[in-house]
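Here is my notebook from a first look at a protein chain. Come along and check each entry as we go.

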Amino acid sequence: MDSAEARRLDVLADYLVKKSVWLVGGDGWAYDIGYGGLDHVLASRRNVNILVLDTEVYSNTGGQASKATPLGAAAKFAAGGKPIGKKDLGLLANMYGHVYVARVAFGAKMVQTAQAFVEAESYDGPSLIIAYSHCIAHGYDMANGAAQQKLAVESGVWPLYRFDPRRLVKGEAPLNLDYGPPKPKVAEYMRNESRFRMIERADPARFKHFIEESQAAADPPLCGLSTTRANHSAVRRQEGRTIKRKWR
């Protein structure tokens with residue numbers, strides 16, 4: 001071990017181990033100010049894992065609205081409730097076809113969350129995990145965060161899914177929907193959080209509109225994921241091979 005060759009190997013040892021690369025950031029970075037860079041990484045086909053902690057607001061800089069802020073939520077620069085819906089970061093990443101994408105909420109399904117991390121780590125290519133992250137800016141006791149995550153999933157506000165491109169080459173549907181038909185109404189989820197309730201107090205008619213629009217977005221078959229699963233069939237050419245892609 002005292003030879004020059006051994007000492008040289010000791011210096012280089014770290015380079016011989018497979019690296020696990022994770023980029024971790026919030027929704028302000030991923031959806032807004034850093035989206036161009038994130039999109040570049042997703043398009044590169046490099047083996048990089050990305051974890052987005054989605055609080056649906058700029059949590060670290062004072063609670064400003066971001067493109068992840070949902071319809072009807074009050075935040076700085078959206079005091080009357082955000083008038084447009086949340087940007088679908090996962091769907092944009094899915095369009096590449098070679099990106100592993102998952103949406104998770106550990107308070108709703110911890111096993112699904114763990115499975116998504118295992119699959120993302122094992123995938124030889126870019127992966128994106130979007131994690132529901134409760135925040136004090138939502139306006140409720142954080143001790144109830146996990147329960148609110150579960151309500152978000154069960155109401156259809158936060159659909160859980162995993163899109164694995166490896167299933168394409170096996171002729172299998174790449175999209176797994178890890179949630180059932182919505183049960184509670186979206187209004188029950190929204191009224192738990194002061195970011196929505198303050199709109200109801202200030203302008204009940206506007207809040208009613210937000211409730212109706214949010215419920216319509218969560219209800220199948222209007223939900224984008226349900227429509228995709230039921231109707232979408234595409235044929236794409238990738239790396240010289242024709243791969244039939246279906247959502248069933």
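These are my entries, from the whole chain down to one residue.

**Ground rules.** I worked with a predicted model, where local features need pLDDT of at least 70, side-chain atom pairs count only at pLDDT 80 or more, and totals for chains, interfaces and linings use all residues. I numbered residues from 1 along each chain as its sequence is written, and side-chain values use heavy atoms, with hydrogens and water left out.

**Whole chain.** I found 10 helices and 8 strands in the protein chain; helices (H or I, at least four residues) and strands (E, at least two) are DSSP runs, numbered from the N terminus. Of the 248 residues, 46% are buried, meaning under 20% relative accessible area with a 1.4 Å probe, protein chains only; exposed is over 50%, and partly exposed lies in between.

**The sheet.** I traced an open sheet of 6 strands with mixed pairing, in the order β1-β2-β4-β3-β5-β6. Two strands pair if DSSP finds at least two bridges between them. β1 (22–26) and β6 (175–177) are at the edges with a single partner strand each, so one side of each has no neighbour in the sheet. Next I looked at β3 (residues 100–104) and β5 (residues 161–163), which run antiparallel and are joined by 3 bridges. There I saw A102 opposite R162 in β5.

**One residue.** I picked K150 in helix α6 (residues 145–154). K150 counts as partly exposed because its relative accessibility is 39%. Beyond its neighbours within four places in sequence, K150 is in contact with G107 and A108; contact means heavy atoms within 4.5 Å. K150 and G107 are 43 residues apart along the chain, yet their C-alpha atoms are separated by 5.5 Å.
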